[in-house]
Amino acid sequence: MLEKMSAFFEARLEGYDQHMLNNIESAREFYPFTASLLPCSENSRVLDLGCGTGLELEEYFLLCPTAKVTGIDLSEKMLSTLERKFTDKDITLVLGSYFDLPLGEDSFDAAVSVESLHHFTKKEKVPLYSKLYSALKDNGYFILTDYFALSDEEERLHRQTLNSLKSEQGICDNELYHYDTPLTIKHETEALLEAGFSTVEVLNHWGATFTLKAVK
């Protein structure tokens, strides 16, 4: 049965960090790598989309303890866990969907998202990325580490399966449900460029997990 996105993660909080680090291929490599790409000047401002329990932030604060981070997530329990980890850091946590929340204008030096955005279509992502583009300062950038479909056929199959499951379960609302529907790198890049980003570059990959950098 499909579960609403927030309920899915709230139910799996216990052991979540261990699962992500031990069961996701190369996670112990891509979290530190992602953190190393974020700005580390005095009082750098970073936005984290789908911050969860803050695995990428654990690595980032080791490198840049004075950073000012804003984290957005749907799960109240995950945000509470993250808050307990970083009681001595300058971090603002926002409960809600990054699709719905305002992100500000020219507010952040960089943004990051790790293993969060593989649930959405290109059509859904373009408005989000446009909003994110506006939230970044001039020359700001977005680091995306996530897993991707390796072919158009794989991308279509994931989306068709989700639509079939929703139909079978009588789901017809606009709520977010947990089911992985990753885009291809090509379609993800197109979404970022359509949103206004000037360049999109693949910086590294581990199997189907890639790190992209999109520059304003």
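# Strands, rings and what hides inside

Mentor: Let's start with strands S5 and S7 (residues 209-215), which pair in the antiparallel sense over seven bridges. This is a predicted model, where local features need pLDDT of at least 70, side-chain atom pairs count only at pLDDT 80 or more, and totals for chains, interfaces and linings use all residues. Residues are numbered from 1 along each chain as its sequence is written, while side-chain values use heavy atoms, with hydrogens and water left out.

Trainee: What makes S5 and S7 count as paired strands?

Mentor: Strands (E, at least two residues) and helices (H or I, at least four) are DSSP runs, numbered from the N terminus. Two strands pair if DSSP finds at least two bridges between them. S5 and S7 have seven bridges, so they pass. Threonine 145, for instance, stands opposite threonine 211 in S7, and tyrosine 141 has valine 215 of S7 as its bridge partner.

Trainee: Which residue stands opposite histidine 205?

Mentor: That's phenylalanine 210, in S7. S7 also pairs with S6, in the antiparallel sense and over seven bridges. Their hairpin has two residues between the strands, and glycine 207 there takes a positive phi near 60°.

Trainee: What is the strand order of the open sheet?

Mentor: Its seven strands run S3-S2-S1-S4-S5-S7-S6, with mixed pairing.

Trainee: Why are S3 and S6 called edge strands?

Mentor: Each of them, S3 and S6 (199-206), pairs on one side only. From one strand to the next, the twist averages 15°.

Trainee: Which strands does helix H6 touch?

Mentor: H6 packs on the sheet and touches S1 (45-49), S4 and S5, with its direction at about 140° to that of S5. Helix H8 (residues 185-194) packs there too, touching S5, S6 and S7, and its direction makes about 20° with that of S7. Touching means heavy atoms within 4.5 Å, and the angles run from 0 to 180 degrees between N-to-C directions of lines fitted to C-alpha atoms, for helices over the stretch in contact.

Trainee: Why is S7 called largely enclosed?

Mentor: Five of its seven residues are buried, so the rest of the structure largely encloses S7. Buried means under 20% relative accessible area, exposed means over 50%, and partly exposed is in between (1.4 Å probe, protein chains only).

Trainee: How do you know whether threonine 81 is buried or exposed?

Mentor: Its relative accessibility is 17%, which falls under the 20% limit, so threonine 81 counts as buried. It sits in helix H5 (residues 76-85). Leaving aside residues up to four places away in sequence, threonine 81 touches Leu13 and Thr53.

Trainee: And glutamate 76: buried or exposed?

Mentor: Glutamate 76 has 52%, over the 50% mark, so it is exposed.

Trainee: How many aromatic pairs does the structure hold?

Mentor: There are 13. Take tyrosine 98 and phenylalanine 120: their ring centres are 6.3 Å apart and their planes are at 85°.

Trainee: What kind of pair do tyrosine 98 and phenylalanine 120 form?

Mentor: Rings of Phe, Tyr and Trp (its six-membered ring) pair if their centres lie within 6.5 Å; planes under 30 degrees apart count as stacked, over 60 as edge-to-face and the rest as tilted. At 6.3 Å the two rings qualify as a pair, and 85° is over 60, so the pair is edge-to-face. Tyrosine 98 lies in the loop between S3 (90-95) and S4 (108-114), and phenylalanine 120 in the loop between S4 and H6 (122-135), 22 residues apart. Both residues are buried.

Trainee: Which residues touch the most other members of the largest nonpolar core?

Mentor: Among its 57 residues, they are Tyr60, Tyr129, Leu132, Phe142 and Phe197. A nonpolar core is a set of buried Ala, Val, Leu, Ile, Met, Phe, Trp, Tyr and Cys residues joined through side-chain atoms within 4.5 Å.
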